[in-house]
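Please keep the sequence and the 3D view open beside them.

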Number of protein chains: 2
Amino acid sequence: MNRNFGVIDLGSNTARLVVYEQDSQGLVTEVDNIKRGLRLSNHVQDGHMDEEGITKTIDCMRQFKDLLEARNIKDIIAVATAAVRQSDNGSELIDRISKETGISVRVLGGEDEARYGYLAVVNSMSIDEGITIDIGGGSTEVTFFSNRELQASHSFPFGIVSLTRMFFHSEVPTAEELSSLEHFLSTAFSSCPWLLSRHCPVIAIGGTARNLAKIQQRAVQYSMDSFHHYPLDTEQVAGILEQLSLLSLEERRQVPGISKDRADVILAGITVFESLLRHAGSPELIVSNKGLRDGILSEVVWGTAAPTSIRVVHERSIDQFMNRYQVNKPHAIHVSKLSLSLFDQLQTFGHHTYGQGERDLLEAAALLHDVGRTINVHEASEHTFYLLSHVLLAGYTHRERLLIAMIASFKSNKLLQSQLAKHTDIVSKTDKSLVEKLGHLVLLARMLDRSMSQAIHTIRLTDDDGPLTLLCLGKRDGLLEYSLLDEPLAKLSKAWKLPLSFRPVVDDSPAKP
Amino acid sequence: MNRNFGVIDLGSNTARLVVYEQDSQGLVTEVDNIKRGLRLSNHVQDGHMDEEGITKTIDCMRQFKDLLEARNIKDIIAVATAAVRQSDNGSELIDRISKETGISVRVLGGEDEARYGYLAVVNSMSIDEGITIDIGGGSTEVTFFSNRELQASHSFPFGIVSLTRMFFHSEVPTAEELSSLEHFLSTAFSSCPWLLSRHCPVIAIGGTARNLAKIQQRAVQYSMDSFHHYPLDTEQVAGILEQLSLLSLEERRQVPGISKDRADVILAGITVFESLLRHAGSPELIVSNKGLRDGILSEVVWGTAAPTSIRVVHERSIDQFMNRYQVNKPHAIHVSKLSLSLFDQLQTFGHHTYGQGERDLLEAAALLHDVGRTINVHEASEHTFYLLSHVLLAGYTHRERLLIAMIASFKSNKLLQSQLAKHTDIVSKTDKSLVEKLGHLVLLARMLDRSMSQAIHTIRLTDDDGPLTLLCLGKRDGLLEYSLLDEPLAKLSKAWKLPLSFRPVVDDSPAKP
């Protein structure tokens, strides 16, 4: 039975309600997402929230409650961050929200907030060691993790709104203003000795980070619509900062990709990133589209422990994708098993030297080859490519996502070439051979289970009788699959430059593991 | 409760099994589709099917049965056409299929076959009067309908395989061979006086028609992936015929878009189309991707009567799309109601002169604006455009489908411009204003029901107090919607060049119709 629940994040800049649906296996899908820009930071003076801020917040919470009630959702997780935490009348606000709307808001401590950012990252990225930084309106959280385990964390009591107010007194900041902000940040970061010279990636969370990614993607006409796991090198971040710092507010608003209601505070935000990259000696900043509420969510679903390896993240992602798009799982798992069996046996026979990385891509692609059917059984391969290249498959880089999408949807060279041509900034012509070869393995494996009944339970390559032959151990004679194998086998033979025929073998023993 | 059933079409060229899923409302979705090229025509000599043809058929039926059993589907509708109908031992074959597989196959008479083609067309196209032609391997069915009612039908005992065998004796047909085929066809068509000089569109059903569309689309690099409702004018058909008739079989196989296993018989097929177009004095041939089995299916779902108007077809299509992609129906219907109310009131106030056609597009777009959410709540507009431009919405032309897709997914001019730029062969720059204006109506209507609770039940335009104001009659004060209306209203005002503000009115009376 599916259950819905809401997560409310009462931030210093924005209040956001996200509605999730959790299926019977516990996997969660976002089904609605609404935000209101309250800019509470502006209503906190000298550690006190003014009455207007309080009224705005209560009104907003009441509206969120209405929306949840309209959907009959009673299960609500609500948290508040810096603006409330830093207000001496924060608990009064929480009491009033509770009385007037029935929503019980938990005020997060800075360390909690930092930990949720870290959790969001290790649950959705293929990075074992890194520094996370989440800049909000009124606070900034940093953590350091290695082996996916949290090593240290800290919350600074400044954010983009407060830094802008403290340091920038005109639209175009002067060199002095910029350098005094940088000096301030350097001192702040020094209070966390574990940040210094880590030389690991910095993972940036939050609206400023997303906006930075958008600006860079627009500038280079990036071919994928995805911010999560998007890398910028240190020079790119410095370049954007320099470019923006010379513009007036109105000019900044016209920069392609910039979020208009963030143009006034983005400079402070990017300065924080740039300073941290230098301080930590990091080669790159990687944007995370997952943050606080995803960390909270992962705690609800997976508990407080981080996944022990990227493999766990991949398995969960793939599983969620399969559930979400109603894949026939016994079929998908069987196709994956057959594809990997072919891959391994071809290796044994010396026909390739691919490694674990390619094997993992093949496994993911085989498990997900049918997702496009949820859109339509016609042109399902095109739909599979669309879904896998447009919907986040957490835990993979953009390049890996595209390779999986191309292998999973592989049908012909013509289609593959048009896919490659669209993404020359992410994949290269040299990937063509890999995709083609693995794609043919999936195509053959799909045909080996065309009836989706796992009637052919095992395949074995043999050269006992001379030429390489694929023995198909099936439950009985005359299977539909055998009538359909000639074409995919001929195509695979051509792509792999490997003459291969098949022979049915009746074998009614249970499937081999 | 959903139920699955299979439809088997044992044709003269191809045997095909399609698996459908019918939802609790009776709407049907194709979930699997498998074909085997049996070319039974080649096994019928002098009205008798040889033993190899019989064995192949029974094997194929057994495999189809296996596939259905693997999915636990007991409900099977199976029909056979010309090859079996024209064989004196057809009933023996049917008996053996029944005994050996349990599948009971109905042999369709030519008139039945023709009627199913007609039913498929009137259930999926916006054409009130036309001639249908369905060319199979061993027979050709024609009908004439007007006011969507069947007026006449006929089945000719020749198809692409038999015509090729009868008239073409070398790879490149001679001028004499072509002209004697044309003479033969002209005589045949004359036996149906109701075909002569109808001047209505010819709707072409079947593999040859789809292949013709594909060749033309590849030649002009058509921007949509859709054969259904694709028009070719008489000169284009004649041009392709002339081009192909000069090529050897091997050269024909290389023509972009041609189906390799049809290259040997396609010339006869296109000659039939071209002759019929001339005979009927028709301006164009419109390809139908719906045929025999869709006709059978529509009879199962909607009964033997044809829909009385295109409006009925549209309603069913939209309803099916909404069900298929799990749209929140009360919300979609409310957004549609509010959009149309705005449209009508703006007309009353003299702000546009659009007609019923544009109103219908707006209604469809408003009902379908949320389909993309089934893919993902993020970038849902892009997904809505993808679905509506890639998945068949039956009963609409390609142009109408694109306009609906653009209105439904409208978010910004930037997105719209990129959509228009991709489809300049189907929509034009002059459509931009229409899409933008109607798009803003849908955007505002969506925000008016952002909580999806229909809290704002009625809207009224008034200029009683001077400037035009939108009165929003809502269940109570302080609705979430009111906090969110400023932006869409400002954008609408700009696009319509019409300063418009809103005023909440508490009105707890039931929604007005």
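**Notes on the predicted model**

1. I begin with one residue of chain B, B:Asn211, which sits in helix α7, the helix made of residues 207–220 of that chain. Please bear in mind throughout that the model is a predicted one. B:Asn211 has a relative accessibility of 4%, and because buried means under 20%, this residue counts as buried. If its neighbours within four places in sequence are left aside, B:Asn211 is in contact with B:Gly257, B:Ile258, B:Ser259, B:Arg262 and B:Ile266.

2. B:His390 belongs to helix α15 of chain B, which covers residues 380–390, and with a relative accessible area of 31% it is partly exposed. Which residues does B:His390 touch, not counting those up to four places away in sequence? They are A:His383, B:Asp225 and B:Arg401, so that the list includes a residue of chain A as well as residues of chain B. As for distance, B:His390 and B:Cys472 lie 82 residues apart in sequence, while in space their C-alpha atoms are 36 Å apart.

3. Turning to chain A as a whole, the student will find 20 helices and 16 strands there. The radius of gyration of chain A is 26 Å, close to the 24 Å that the globule rule gives for 513 residues, and therefore the chain is as compact as a globular protein of that length. Taken along the principal axes, the box that the C-alpha atoms of chain A fill is roughly 85 × 50 × 40 Å.

4. How much of chain A counts as buried? The share is 60% of its 513 residues. The accessible surface of chain A comes to about 20200 Å², and carbon and sulfur atoms account for 50% of that area. When contacts in chain A between residues at least 6 apart in sequence are considered, 69% of them join residues at least 24 apart.

5. Over all chains, the count of aromatic pairs comes to 21. One of them is formed by A:Phe158 and A:Phe184, whose arrangement is edge-to-face, with 5.3 Å from centre to centre and 65° between the planes. A:Phe158 lies in the loop between β10 (149–156) and α5 (160–167) of chain A, whereas A:Phe184 lies in helix α6 (residues 175–190), so the pair ties together parts that are 26 residues apart in sequence. A:Phe158 counts as buried, at 4% relative accessibility, but A:Phe184 is partly exposed, with a relative accessible area of 27%.

6. B:Tyr118 and B:Phe145 form an aromatic pair that is tilted, with 5.8 Å between the centres and 55° between the planes. This pair links distant parts of the chain, for B:Tyr118 is in helix α4 (residues 110–122) and B:Phe145 is in strand β9 (residues 140–146), 27 residues apart. B:Tyr118 counts as buried at 5% relative accessibility, and B:Phe145 is buried too, with a relative accessible area of 0%.

7. Finally, I would ask the student to locate one aromatic cluster in chain A, which is formed by A:Phe156, A:Phe158, A:Phe167, A:Phe184 and A:Phe189.

Methods. Residues are numbered from 1 along each chain as its sequence is written. Chains are lettered from A and ligands numbered from 1 in the order in which they are written. This is a predicted model: local features need pLDDT of at least 70, side-chain atom pairs count only at pLDDT 80 or more; totals for chains, interfaces and linings use all residues. Side-chain values use heavy atoms; hydrogens and water are left out. Helices (H or I, at least four residues) and strands (E, at least two) are DSSP runs, numbered from the N terminus. The radius of gyration is taken over C-alpha atoms; the globule rule is 2.2 Å times the number of residues to the power 0.38. Buried means under 20% relative accessible area, exposed over 50%, partly exposed in between (1.4 Å probe, protein chains only). Contact means heavy atoms within 4.5 Å. Accessible areas come from the Shrake-Rupley method with a 1.4 Å probe; for residues, only the protein chains shown count as cover. Rings of Phe, Tyr and Trp (its six-membered ring) pair if their centres lie within 6.5 Å; planes under 30 degrees apart count as stacked, over 60 as edge-to-face and the rest as tilted.
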